[in-house]
Amino acid sequence: MRSSDAHPQSLESLHGDIWDRLGQAAVDLAHPWRTPTLATAGPDHPDARVVVLREVDLHARALVCFSDSRTHKVGGLRIHPVATWCFYDPAQRIQLRARGETRVHVNNALTRQYWEKLPHSSRRLYATTPRPGERVLAPWEIPFGDHPAEQFAVLVTTVHELDWLQLKNEWHERARFRWDADSWEAHWACP
Ligand SMILES: Cc1cc2nc3c(=O)[nH]c(=O)nc-3n(C[C@H](O)[C@H](O)[C@H](O)COP(=O)(O)O)c2cc1C
C-alpha cells in the first residue's frame with residue numbers, strides 16, 4: 001500500500017467503472033460527463049466543441065450525439081471520420097478521452113428513430129434556413145424552414161481507445177484501453 005487513501009483497483013474493474021460512468025452521463029442531465037468536448041479534424045484545421053452525450057452502448061462500444069448535418073464538424077467528419085470525445089469531472093478530477101471511427105447518419109432509419117423521440121422545442125433547432133455558422137442579421141431574426149428532419153444528423157463513434165486520467169494528491173493515475181480485434185487490451189501509463 002503506497003498511502004492510506006490508496007485502494008488499488010484492477011484495470012478490469014476500472015474499465016467497467018468507465019462504461020458505468022458513461023452510461024450514467026447519458027441519462028443524468030446533471031452528470032459532469034453529460035456535456036463532453038468533441039474534437040474532430042476539420043476540412044482546414046482541428047476543431048473542438050461541446051456536445052450532449054445522448055446515448056452509450058457498451059456492447060457496440062458506441063457514443064452518440066446529435067447535430068445539424070450542415071455543421072463544420074459534420075463536414076470534417078465526412079472527410080476524416082474519426083473523433084475524440086473529452087470528458088471531465090472537475091469534482092473527482094477525472095479526464096477521459098475516447099477515440100474512434102465516427103459515422104454521420106442523415107435521413108435514415110437511425111435518425112428517424114431518434115427524431116421521433118425529440119421534443120418539438122429541440123426539433124426547431126434543426127429548422128433554421130441559414131446554415132450553422134452562417135452570418136445573420138440578429139439571433140431573433142433567423143428564419144425557419146420546413147424540413148428540419150432532413151438537417152438532423154446522428155453521430156456515432158465506435159470507440160477503439162480509452163485514455164483515463166485521475167489526478168490524486170500523492171500521484172496521478174493514467175490507464176489506457178485499446179480495442180484489439182475482439183477484446184480490450186489494458187495497461188497503466190505514466191501520466
Ligand atoms: C452545453 C452545450 C451543448 C451543446 N450540445 C450540442 C450538441 O449536442 N450537438 C451539436 O451539434 N452542438 C452542440 N452545441 C453547440 C456546439 O458546441 C457548437 O457550437 C456547434 O455545434 C457548432 O460547432 P461546429 O461549427 O464545430 O460544427 C452545444 C453547445 C453547448 C454550449
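How many helices and strands are there in the protein? There are 4 helices and 9 strands, where helices (H or I, at least four residues) and strands (E, at least two) are DSSP runs numbered from the N terminus. This is a predicted model, in which local features need pLDDT of at least 70 and side-chain atom pairs count only at pLDDT 80 or more, while totals for chains, interfaces and linings use all residues. Residues are numbered from 1 along each chain as its sequence is written.

**Figure 1. Overall fold of the protein.** Along the sequence, the order of elements is α-β-β-β-β-α-β-β-α-α-β-β-β. Taken along the principal axes, the C-alpha atoms fill a box of roughly 65 × 35 × 35 Å. Of the 191 residues, 21% are buried (20 or more other C-beta atoms within 10 Å of the residue's own; 12 or fewer is exposed, in between is partly exposed; C-beta atoms are placed from the backbone). For contacts (C-beta atoms, placed from the backbone, within 7 Å) between residues at least 6 apart in sequence, 60% join residues at least 24 apart.

**Figure 2. The shell around the ligand.** The ligand is surrounded by 14 residues, the closest being Arg 49, Ser 67, Thr 71, His 72 and Lys 73. At least two shell residues come from each of strand S2 (46–50), strand S4 (62–68) and helix H2 (72–79). The shell holds 6 nonpolar, 5 polar and 3 charged residues. In this grouping Ala, Val, Leu, Ile, Met, Phe, Trp, Tyr, Cys and Pro are nonpolar, Asp, Glu, Lys and Arg are charged, and the others, Gly among them, are polar.

**Figure 3. Positive phi at Arg 61 and Asn 107.** Most residues other than glycine have a negative phi. Arg 61, not a glycine, has a positive phi of about 55° and sits in the loop between strand S3 (55–57) and S4. Arg 61 is partly exposed because 17 other C-beta atoms lie within 10 Å. Asn 107, also not a glycine, has a positive phi of about 55°; its loop runs between strand S6 (94–106) and helix H3 (109–117). With 15 other C-beta atoms within 10 Å, Asn 107 is partly exposed.

Figure 4. Trp 188 counts as exposed because it has 12 C-beta neighbours inside 10 Å. Leaving aside neighbours within four places in sequence, Trp 188 is in contact with Arg 174 and Ala 175.

Methods
A residue is near a molecule or strand if its C-beta atom, placed from the backbone, lies within 6 Å of it. Two residues are in contact if their C-beta atoms, placed from the backbone, lie within 7 Å.
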